[in-house]
Amino acid sequence: MNEVTTRPEVVAARGIKVTFGAVKALDGADLVIHAGECVGLVGHNGAGKSTIVNAINGGLTPHAGEISYGGIRAQHGISTARANGVRCVFQELSLCPNLTVNENARIMHAELAGWNWRSRAGALVELQLQEIFPNHGIDCDSTIDDLSIAERQMVEIAVSFAGLNQKPKLVILDEPTSSLDAGLAAQLMAYIRRFVGEGGSVLLISHILGEILSTSDRIVVMKDGRVVADRSASEFSKRSLVEAMGNVAREKEWQRAGDKRNGAPVLAMPARRGQGLAFEAHRGEMIGLAGLGGHGQTETLLDLYLSRNSNWWPARRKEIAFVAGDRSLNGIFPLWSILKNLSIASLGDFSARTIVDRDREGALGNGWKKRIEIRTPDMENRILSLSGGNQQKVLFARALATSARIVLMDDPMRGVDVGTKQEVYDILRLEAAGGRTFIWYSTEMDEIRLCDRVYVFREGAIVAELAGDEITEKNVLEASFSGGEAA
Amino acid sequence: MRISTSTIRLVIPAASLALLLAAVFYMQPRAMSYTGLNLLFNLAVPIALATVAQMLIMAVNDLDLSMGAFVSFCACVTATFLQASPAIGVLIFLGAIAAYAVIGIVIHVRELPSIVVTLGMSFVWGGLAVLMLPSPGGEAPGWARWLMTSRPPFVPMAIVASIVIALVTHFAIMRSSAGVLIRGVGGNVRSVERAGWSVIRIRAGTYALAGFFAVLSGIALVGLTTSADANIALRYTLLSIAGVILGGGEFVGGKVSPIGAVIGALTLTLAGSFLSFLRISPDWQIGAQGAILIVVLGLRLLLNRLEKREKSR
């Protein structure tokens with residue numbers, strides 16, 4: 001690691017403090033990135049990863065501490081950071097959905113102006129896409145709206161790595177693989193190594209520890225707004241990383257209960273478009289929808305939901321609750337309090353003659369706050385004052401607080417830290433034992449392994465059904481990939 | 001070949017305009033002439049300009065409820081100051097455009113709803129217009145009159161003007177690199193901000209450009225009517241919004257189409273004549289115009305659904 005530290009600094013943030021109201025988001029964090037290294041940044045949700053990224057890219061002015069670019073302390077701001085070659089790919093997609101790929105490149109690269117900018121932008125993006133994701137098949141004249149979520153993420157990554165006059169010096173990737181399947185993620189990781197080999201730097205934030213361990217040179221662990229570990233990647237293992245983050249790694253101690261398939265299914269659906277297998281769910285089952293991202297899992301969940309609820313007129317008794325995956329798009333009400341966000345789905349249960357009973361609403365809020373440990377001093381605080389993981393917990397509580405016996409989940413754990421996940425898993429198990437049925441689309445193998453039964457999707461249809469001990473990473477991968485060449 | 005979304009967006013407004021035009025020609029074959037077309041579309045030119053102005057504001061996710069009052073104000077300035085002492089008239093217009101830029105800045109910096117701010121401004125513009133022309137009157141400048149009543153060979157002025165407006169604004173908003181920034185602000189402000197652009201400047205520039213087109217609309221209107229009145233263009237507020245929507249634009253998300261907006265303005269103008277030809281009493285005309293709008297928008301919704309289904313297949 002001595003070899004790395006002798007290289008010039010690209011960005012150095014020292015003693016950064018940032019507070020949001022009473023919350024200390026960063027409490028004297030140091031982060032130095034040198035040329036030609038890939039730094040992995042891990043930590044709980046709410047550990048301050050996003051905040052320090054925002055401080056480095058100029059979007060946020062720290063209340064204390066200093067940030068220097070290339071060893072020189074400069075004025076702070078987005079344009080200063082960009083002038084020093086710092087680019088950022090954010091966790092939530094930040095392209096303009098109404099513009100084409102070329103036009104988005106123009107927004108990211110101010111140099112693309114004057115006559116003929118459109119074709120130059122096209123060439124730039126095309127070249128970079130080809131370099132990172134060979135055979136991507138994205139048309140640069142198509143509008144972002146028309147692209148799938150994985151394609152959008154690919155475009156955003158490519159646009160950020162592209163350089164017209166100068167290559168970027170530091171690219172910050174915040175959960176870059178959250179919507180990419182394993183193949184694309186591997187291509188990206190390979191490109192990061194090449195980019196770093198050519199002297200660029202990358203700051204990689206990911207909750208997939210395997211990615212961090214295999215790609216980074218150095219790993220920085222954050223906890224409660226501070227850096228708690230900063231060592232070369234070879235000194236870490238998955239286990240030691242998790243320990244450094246402050247989560248006690250829990251062994252999988254629970255045993256699957258026997259087959260719960262008895263009696264009539266509570267929910268069933270014939271094979272989608274006449275292909276593949278039919279779907280059915282029984283009382284108290286936890287069912288996983290697996291397969292590569294975007295192969296019809298979300299659509300199936302929506303179909304299941306609509307099979308019990310009219311598209312036009314909401315049903316009086318709700319049998320099904322839905323936990324959305326895209327928090328900001330169709331999960332939270334950003335202007336409302338935490339309590340209101342939690343109680344919205346079950347207002348009917350504790351209102352008398354259409355008037356909401358505030359006391360019962362408050363009691364419900366406090367009950368769930370204790371049960372799932374929503375980290376807030378007051379449930380009346382705005383929902384946006386919570387970190388992403390805690391917002392997601394509120395969405396879970398919203399669904400579980402209803403009287404619905406079936407809960408559909410659309411990859412709800414995207415970007416949620418390990419500790420929170422474990423807490424939620426425990427609650428899910430408890431609820432399933434109580435007779436609730438969970439139907440869970442997940443892109444993470446650990447979650448799929450928690451399920452009693454798994455349907456694997458490929459190209460919009462169910463291609464395999466795995467139960468009990470058959471649910472292994474190997475079986476799921478086999479089912480998601482096999483026959484791909486024939487199609 | 002794959003048809004792009006923006007092309008599909010244009011199909012419905014263009015088809016409805018063609019359909020309406022065919023219906024008018026069927027009922028009044030004499031309209032199928034140079035003079036007939038000119039008469040049908042004459043009043044569309046100022047509406048088209050106002051629609052383009054509104055479209056710019058809508059491209060940055062705002063709405064301008066002062067459009068009608070502002071165009072009336074510009075018409076009054078054209079009929080008085082611009083005619084009597086052009087230098088002062090031009091100065092007033094420059095001031096008005098600057099005022100639009102300031103409105104954009106205020107809306108952005110204070111995070112105010114544009115509807116409220118522009119609604120307030122509509123009374124300011126209306127008041128100024130009444131101060132200038134308490135009673136209908138004034139006179140059109142000779143050049144504006146000449147421009148609007150000139151008779152180019154083969155194609156009437158109204159059509160030529162509409163095509164020019166459509167092409168110029170299409171280039172400025174859809175093709176130029178500056179237009180991308182305007183639509184980008186409508187699509188995702190944070191992304192534009194994070195790329196290091198000054199959104200205040202973009203918004204101010206967009207508002208100023210909208211003000212410029214609204215000024216042109218006022219001048220064009222007086223060129224046609226030869227005199228002005230403080231209330232001459234009040235209905236332009238809703239007409240311009242309807243024109244943008246009819247032309248495939250949307251209220252939020254930076255989805256706009258300049259060519260569609262001009263076509264939308266033409267369709268709205270034609271709808272009025274069409275209803276007159278049908279001998280529908282003026283009492284019912286507004287309702288009937290609304291019905292046409294609903295039909296066209298319903299068609300668009302249907303097309304969007306089909307497109308979505310196609311995509312998911």
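Q: How many residues does the contact take from chain B, and how many from chain A?

A: Start with the source: this is a predicted model. Then count each side. The contact takes 22 residues from chain A and 19 from chain B.

Q: Which elements give two or more residues to the side of chain B that touches chain A?

A: Look for helices. Here they are H9 and helix H10 (189-194) of chain B. H9(B) provides the largest share of that side, 7 residues.

Q: What classes of residue make up the side of chain B that touches chain A?

A: Sort them by class. That side has 11 polar, 4 nonpolar and 4 charged residues.

Q: At what angle do helix H4 of chain A and helix H9 of chain B pack?

A: Compare their axes. H4 (residues 101-108) of chain A and H9 (residues 177-187) of chain B pack at about 90 degrees, and their axes are 10 Å apart. Angles from 65 to 115 degrees count as roughly perpendicular, so H4(A) is roughly perpendicular to H9(B).

Q: Which residues make the contact of H4(A) with H9(B)?

A: Take one helix at a time. H4(A) brings Glu103(A), Arg106(A) and Ile107(A). H9(B) brings Ser177(B), Val180(B), Leu181(B) and Gly184(B). By class, this contact has 3 nonpolar, 2 polar and 2 charged residues.

Q: Into which domains is chain A divided?

A: Read the residue ranges. Domain 1 of chain A covers 2-245, and domain 2 covers 267-481.

Definitions and conventions:
Residues numbered from 1 in each chain as written. Chains lettered and ligands numbered in written order. Predicted model: local features only at pLDDT ≥ 70, side-chain atom pairs only at ≥ 80, totals over all residues. Axes fitted to C-alpha atoms, helices over the stretch in contact; angles between N-to-C directions. Helix = DSSP H or I, 4+ residues; strand = E, 2+ residues; numbered from the N terminus. Parallel < 35°, antiparallel > 145°, perpendicular 65-115°, else oblique. Contact = placed C-beta atoms within 7 Å. Nonpolar A, V, L, I, M, F, W, Y, C, P; charged D, E, K, R; others polar. Domains from an automatic or database assignment.
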